[in-house]
Each structure stands twice: as C-alpha cells, then as structure tokens.
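Me: I have a model open and want to go through it step by step. Can you help me read it?

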Amino acid sequence: MIQTPSSPTVRAPQPAGTAKVLGRASGVTALISGAAQGMGASHARVLAAHGACVMIADLQEETGRELAAEINAACGRPAAGFVRLDVTSFESWESAVAAAVQHFGQLNVLVNNAGIYTPGNALEASVEDWRRTIDIDLTGAFLGMKAAVPELRRNKTSSIINVSSIAGLVGFKNRAAYAAAKWGLQGLTKTSALDFGADGIRVNSIHPGSVETPLTAGLQRGFGQIPAGRAAQAEEISSLVLYLASDESQYVSGAAISIDGGETAGNNLRQDA
C-alpha cells in the first residue's frame, strides 16, 4: 500500500526572476549550513548554477555575503541570499529558516553541511572538544531538521541532506568525537527517513572521504588507501548534493551514500603474497 503525505501540498510561487530558469534544481530553494566556504560554498554554487535558489547560512558574515553576491552575478538573477547562523542555537535555526522563506517564498531542501573535527581518542580528547564537536556536527543537524521540517512539509516533495563522513561508516583512528558525531548523524538520518517519509520528505546522508577544502589543507595524509589515488574536489561532492536536492532522487531516502573514491570498499593497502 502506497502512503501519501498526510499534510496538505502547498507549492509556493517562484520568487521574482526565477520563473523561467531551467535546470536540474529549478524551482528548489535550499538552506545550506556552513556554506560560506569549502564544500558548503561549492554546494551553493552548483545548486544555483542548476537553477536553485540558495540561502547561505554561516557565522562568517562577510565571506557569506560576498559569496551570495558572486553567485547572483554569475547566475544573472537573485539566486542567493545570506543569513547568519549559529548551528548550536535552535533560535538561530528558526531565524534562518524564516529568512529563507521570506527571501525566496519557500523551502524545499535542507543541507546540514556545517561541521568541525577535533583530534584525540577517548582517553586523550578533551571533554570540551568532545562537547563542541557533538554540538556542531550532530546536535546542529538535529536542530536544523527540527526548525526546517514544518516548512518542508508544505511541499509535495522535499529533501534533507546530512553531510556525514566516511568516519560515519568505519572507525577513524584518534577522532573519537568526530566519528561518534558522524555515526550519530547516520542514525539520525535513517530514523528521520522513517519518521518523515509520509510527509514527502526524503532524508539521506552522504559520506565524503578525503576532499580538498580549506579545512583539510593543513592535513598530512597519503592516498594509498584510496583506490582512486587522490582526494576529491569539492565540486564532485556537490554533484551528489545536486542529485539528492533534485526531483531525480524522489525514491531515494534513508540512504548512507559513500563518495570516497573507493576508500571504504576494503583494504587497498594489502599486497598479495
């Protein structure tokens, strides 16, 4: 038996200047946390280039506003806006969701992209780092979903994309807090896919491996464990975000999708005898 959304379907009118935009994400408005730089900025650029409207949400106000202006100039339309967001504050999330709806008339997609990583195993990691990592990487996503779901329910179909990590698929040495948060995010994703499926909201997590971003620029790492032999470019991750934000993925929900060049497929460093 096929369930249909229990809430009424409401499709807000397209904001001025976007009605004739064509693209894989046309008609979509996305709120993206941690979007002022790195992967989040890439997601914003790619979604806008494919017809979406994007609300860039971040603590970095100047950088975020500059990115919004850059996207608007590149797209030749009012495709991007900026709102200050502290992902650890539910009130801040409520304001960000309201700003997206006020600016663009609707909200169809939430991308929980904001995150940090801190070092240390369960013995050596500081309690402060543990709490801060869980607050941003896991609780921040929960608060975002809690704030966004009432608006997402207004649409026939909506999408929540939780940016986890391969540290949410396998163990990650000396990253106790980060791995715990990313595994928790996968659990939150799968549970929420069950909880909100009848509302037309699909919920998925993506699990990038090594990605070239400002956050990872100072890391010392090799690529022998990756069959592809390299790190990903942020735009390669954004292609998956675009798919999950678009109507192409309407039957994809509750998935944990690795995008890691094969890193979690097995032991690529093992040599035959």
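Me: Where is the place of Ser238?

Reply: Ser238 sits in helix H6. Helices (H or I, at least four residues) and strands (E, at least two) are DSSP runs, numbered from the N terminus. Two notes before we go on. This is a predicted model: local features need pLDDT of at least 70, side-chain atom pairs count only at pLDDT 80 or more, and totals for chains, interfaces and linings use all residues. Residues are numbered from 1 along each chain as its sequence is written, and side-chain values use heavy atoms, with hydrogens and water left out.

Me: Is Ser238 buried or exposed?

Reply: Ser238 is buried, because its relative accessible area is 1%. Buried means under 20% relative accessible area, exposed means over 50%, and partly exposed is in between (1.4 Å probe, protein chains only).

Me: What does Ser238 touch?

Reply: Ser238 touches Met39, Ser42, His43 and Val46, not counting residues up to four places away in sequence. A contact means heavy atoms within 4.5 Å.

Me: How many residues apart in sequence are Ser238 and Ser42?

Reply: They are 196 residues apart in sequence. In space, Ser238 and Ser42 are 6.3 Å apart, C-alpha to C-alpha.

Me: New topic. In what order do the strands of the open sheet run?

Reply: The 7 strands are ordered E3-E2-E1-E4-E5-E6-E9, with parallel pairing. Two strands pair if DSSP finds at least two bridges between them.

Me: Which are the edge strands?

Reply: Strand E3 (80-84) and strand E9 (256-259). Each pairs on one side only. Neighbouring strands of this sheet are turned by 20° against each other on average, direction ignored. Axes are lines fitted to C-alpha atoms, for helices over the stretch in contact, and angles run from 0 to 180 degrees between N-to-C directions.

Me: How many bridges join E1 and E4?

Reply: Strand E1 (residues 29-33) and E4 pair in the parallel sense over 3 bridges. Ala30 has Val109 in E4 as its bridge partner.

Me: And what does helix H6 touch on the sheet?

Reply: Helix H6 (residues 234-245) packs on the sheet and touches E4, E5, E6 and E9. The direction of H6 makes about 170° with that of E6.

Me: What is Ile71 in contact with?

Reply: Leaving aside neighbours within four places in sequence, its contacts include Ala44, Ala48, Val54 and Ile56.

Me: Last topic. How many aromatic pairs are there?

Reply: The count comes to 2 aromatic pairs. Rings of Phe, Tyr and Trp (its six-membered ring) pair if their centres lie within 6.5 Å; planes under 30 degrees apart count as stacked, over 60 as edge-to-face and the rest as tilted. Tyr117 and Tyr178 form an edge-to-face pair, at 6.2 Å centre to centre and 70° between the planes.

Me: Is Tyr178 buried or exposed?

Reply: Tyr178 counts as buried, because its relative accessibility is 15%. Phe172 and Tyr178 form a tilted pair, at 6.5 Å and 50°. Tyr117, Phe172 and Tyr178 form one aromatic cluster.
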